[in-house]
Amino acid sequence: MREVKREISQPILVVKKGNHTFRFGVNVSGAVEYTLDDGDVNRISKLDDGKVFFKESLELYINGAVENVDTIQLDELDYAILKSEQNTVMAKNDKSASNLKEFRVDNKTKKELMSMIDKWQKKTKVLTTKVDKQKKKEKYTIHTFMIGREMFRMIEREREGTVIVNPDYKIFMDYERAGGLAAQEGELVVWKYYYEKDEQSEVDPSRKKGYWATARKMTFNEQICYEIIKRYGTFAAK
């Protein structure tokens with residue numbers, strides 16, 4: 001069942017949970033919002049794996065008892081519609097942003113890039129690990145940038161001739177872990193995040209099963225740091 005409710009955004013999905021009614025929509029910035037029983041508009045934490053994740057537990061009256069609910073499972077069609085609408089809005093916003101000349105840094109000269117940061121420190125280290133009783137050494141570089149009052153700490157590695165950049169901070173404050181992976185998606189530079197599931201990995205029992213998915217596009221200042229690492233980092237000349 002779908003209906004339009006102007007106070008939130010379009011399209012709206014109506015989901016019944018016990019004695020309660022949720023209405024979901026996507027705002028102009030691409031954030032998923034909801035109302036509970038025609039109450040105030042709130043934002044969700046994330047939309048993932050067929051579920052809506054709330055920022056805080058909700059007390060709902062279900063089957064004659066009060067339950068604390070952290071997520072709601074959507075049916076396949078409603079999830080696809082909501083996710084598609086979110087992707088459409090975000091793609092539209094990203095296209096508008098990428099068309100702004102000042103938002104791009106890949107066409108800047110080295111002098112221009114360096115003038116856009118206040119400080120850049122880098123420290124190269126070697127990490128030694130054991131794989132099947134064999135010692136393995138990996139060189140990596142920690143880059144710390146200051147742009148105004150913002151600090152960005154990123155890790156640069158090289159894998160099979162490719163420069164890999166990871167953020168050494170949470171790309172969303174409500175994420176459980178720091179980290180992510182820089183990636184190019186068309187004209188956009190984004191952070192991908194490894195979303196863990198509850199099951200243990202058969203390949204690496206120390207980790208949980210999961211998958212990589214796009215979390216958000218980089219901010220303008222993050223793109224400056226990433227572009228400098230990509231061009232002038234430890235492994236850039238290789």
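Asp168 has a relative accessible area of 35%, so it counts as partly exposed; buried means under 20%, exposed over 50%, and partly exposed in between, with a 1.4 Å probe and protein chains only. This is a predicted model, in which local features need pLDDT of at least 70 and side-chain atom pairs count only at pLDDT 80 or more, while totals for chains, interfaces and linings use all residues. Residues are numbered from 1 along each chain as its sequence is written, and side-chain values use heavy atoms, with hydrogens and water left out.

**Exercise 1. Find the salt-bridge partner of Asp168, and say where the two residues lie.**

Step 1. The partner is Arg153: the two side chains meet in a salt bridge, with N to O at 2.4 Å. A salt bridge here is a side-chain nitrogen of Lys or Arg within 4 Å of a carboxyl oxygen of Asp or Glu.

Step 2. Arg153 sits in strand 11, and Asp168 in the loop between strand 12 (162-167) and strand 13 (181-185), so the pair links distant parts of the chain, 15 residues apart. Helices (H or I, at least four residues) and strands (E, at least two) are DSSP runs, numbered from the N terminus.

Step 3. Arg153, at 33% relative accessibility, is partly exposed.

**Exercise 2. Which residues are linked with Glu138 in a network of salt bridges, and is Glu138 buried or exposed?**

Step 1. Start with Arg157, whose side chain meets that of Glu138 in a salt bridge of 3.9 Å, N to O. Glu138 belongs to strand 10 (residues 134-147) and Arg157 to strand 11 (residues 150-159), so this pair ties together parts that are 19 residues apart in sequence.

Step 2. Next comes Arg159, which forms a salt bridge with Glu138 in which the closest N and O atoms are 2.8 Å apart.

Step 3. Put together, Glu138, Arg157 and Arg159 are linked in a network.

Step 4. Glu138 counts as buried because its relative accessibility is 16%, whereas Arg159 is partly exposed at 43%. By the salt-bridge rule the count comes to seven.

**Exercise 3. Describe the neighbours of strand 4 and how enclosed this strand is.**

Step 1. Four of the five residues of strand 4 (residues 32-36) are buried, so the strand is largely enclosed by the rest of the structure.

Step 2. On one side of the pairing list is strand 3 (residues 20-26), antiparallel to strand 4 over five bridges; two strands pair if DSSP finds at least two bridges between them. Gly25 stands opposite Glu33. Five residues lie between the strands of this hairpin, where Gly30 takes a positive phi near 95°.

Step 3. Strand 5 (residues 42-43) also runs antiparallel to strand 4, joined by two bridges, and Tyr34 faces Asn42 there. This hairpin has five residues between its strands, and Asp37 takes a positive phi near 55°.

**Exercise 4. What lines the second largest pocket?**

Step 1. A pocket is found on a 1 Å grid over the protein atoms alone: an open set of points where a 1.4 Å probe fits, with protein on both sides within 12 Å along at least five of seven lines; lining residues have an atom within 4 Å of a point.

Step 2. There are 18 lining residues, and Lys46, Phe53, Glu176, Tyr195 and Glu196 lie nearest the centre.

Step 3. Strand 14 gives the most to this lining, with five residues.

Step 4. The lining divides into six nonpolar, one polar and eleven charged residues. Asp, Glu, Lys and Arg count as charged; Ala, Val, Leu, Ile, Met, Phe, Trp, Tyr, Cys and Pro as nonpolar; and the others, Gly among them, as polar.
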